[in-house]
Amino acid sequence: MSELNILTSQETKGAVFGLISQMNHEVVVYCYDKETGLKAIIAVHNTLLGPALGGLRMWAYKNEADALEDVLRLSRGMTYKAAISGLDLGGGKAVIIGDSKKDKSPALFRKFGQYVNYLAGKYITAEDVGTSTEDMANIAKETRFVTGLPQDMGGSGDPSPVTAYGVFMGLKASAKHVWGSDDLHSKKVLVQGVGHVGRNLVSYLSKEGAVVSISDINQQTLKQVSEEFNISVVSPEKVFDAEVDIYAPCALGAILNNDTIPRLRCSIVSGAANNQLADEVIHGQMLLERGIVYAPDFLINAGGLINVYSELKKFDRATALKHTEKIYDQTLNILKKASVEKITSHQAAMMLAEQRLEAAARH
Ligand code: NAD
């Protein structure tokens with residue numbers, strides 16, 4: 001077994017590793033194994049509320065510094081996502097440096113599983129960009145601290161339908177906040193990105209009688225979804241200028257920025273994409289000033305996390321969906337707090353998450 005390198009915030013030095021103490025991470029582990037070619041970093045940001053559960057991303061980072069920055073930022077985000085969603089979980093994340101199309105092997109994931117096991121439950125892994133339920137099954141050969149297993153192994157399988165349900169809840173709560181009713185019948189909703197989550201969201205919206213339009217850069221996906229639901233298509237360049245009631249970003253991060261916000265012609269932004277605000281402060285404020293209600297992404301896309309959380313007990317989808325429904329009330333609380341206190345919805349959500357973390361620190 002390779003050596004375990006644990007970098008604690010007290011020990012770190014230098015510009016890159018300074019990030020660890022800046023963001024107050026508890027433990028960061030660098031994993032290297034010559035035989036399998038594994039290069040990975042596990043970051044545990046905060047375990048005040050419980051073990052740090054977060055996905056394992058496999059990505060061809062340019063260098064280790066980029067991978068470290070990404071895992072530190074993502075793991076911190078998980079702390080707030082779990083806190084705002086009322087889950088007894090901390091924030092963690094892991095990255096494997098490599099091309100998920102070329103560099104995967106069962107041995108690589110088994111080795112990663114050994115590193116997860118070293119942490120004795122402080123970090124629990126799950127699927128993310130570039131990893132699959134099959135990879136989780138290989139990790140499970142070495143550790144029990146893994147979720148997102150295939151359904152035939154008692155796991156929760158693909159989290160996207162539950163994520164989409166949570167986004168749908170957030171979208172309905174935003175409608176209630178703006179129009180006094182959460183009935184989406186005949187409301188115009190534009191879904192940008194109809195992949196795993198977006199397609200499921202389109203299904204919920206269509207059943208509700210919303211007038212849905214979609215956009216995607218993948219022509220095959222676009223054709224499939226528009227034919228299946230008999231809905232219109234908006235070209236990617238026209239998404240931000242489209243006159244709709246609700247814009248649901250379900251593709252990329254950082255799409256709410258200096259260029260796009262002035263163009264928006266909608267009342268609500270509410271979608272699944274992670275890190276939608278290019279700058280949390282500046283672009284949250286720009287949306288507020290334009291009178292556009294923004295449902296915080298890290299709250300309304302938490303269904304996937306809720307899904308794997310329920311796997312820690314005995315997985316059952318009905319329980320996961322029931323918990324995900326709470327996103328509705330929490331979105332309403334946050335939007336109300338933001339409008340009463342004249343702050344952005346992102347700030348309001350962060351404040352509530354911080355309050356929960358502070359209360360846990362006191363006990
Ligand atoms: P996905 O890769 O299955 O789908 C993304 C879709 O967006 C693809 O069809 C892609 O072609 C399209 N796309 C990419 N660039 C685009 C552009 N410029 N314009 C229009 N479409 C574009 O991903 P997913 O699992 O559906 O996740 C969507 C978003 O939700 C991501 O930001 C992801 O991080 C976030 N998210 C997903 C989950 C989950 O459970 N899958 C959970 C939380 C957050």
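Is Glu-243 buried or exposed, and at what relative accessibility? Glu-243 counts as exposed, at 55% relative accessibility (buried means under 20% relative accessible area, exposed over 50%, partly exposed in between; 1.4 Å probe, protein chains only).

This is a predicted model, in which local features need pLDDT of at least 70, side-chain atom pairs count only at pLDDT 80 or more, and totals for chains, interfaces and linings use all residues. Residues are numbered from 1 along each chain as its sequence is written, and side-chain values use heavy atoms, with hydrogens and water left out.

**View 1. Salt bridge between Glu-243 and Arg-265.** The closest N and O atoms are 2.9 Å apart (a salt bridge is a side-chain nitrogen of Lys or Arg within 4 Å of a carboxyl oxygen of Asp or Glu). The pair links distant parts of the chain, 22 residues apart: Glu-243 is in the loop between strands S9 (232-233) and S10 (246-249), and Arg-265 in the loop between S10 and strand S11 (268-269). Helices (H or I, at least four residues) and strands (E, at least two) are DSSP runs, numbered from the N terminus. Arg-265 counts as partly exposed, at 45% relative accessibility.

**View 2. Salt bridge between Glu-142 and Arg-110.** The N to O distance is 2.8 Å. Glu-142 lies in the loop between helices H4 (133-139) and H5 (160-179) and Arg-110 in helix H3 (residues 106-118), so the pair ties together parts 32 residues apart in sequence. Glu-142 is partly exposed at 22% relative accessibility, and Arg-110 is partly exposed at 33%.

**View 3. Salt bridge between Lys-223 and Glu-227.** The N to O distance is 3.3 Å. Both residues lie in helix H7 (residues 219-229), four residues apart, about one turn of the helix. Lys-223 and Glu-227 are both exposed.
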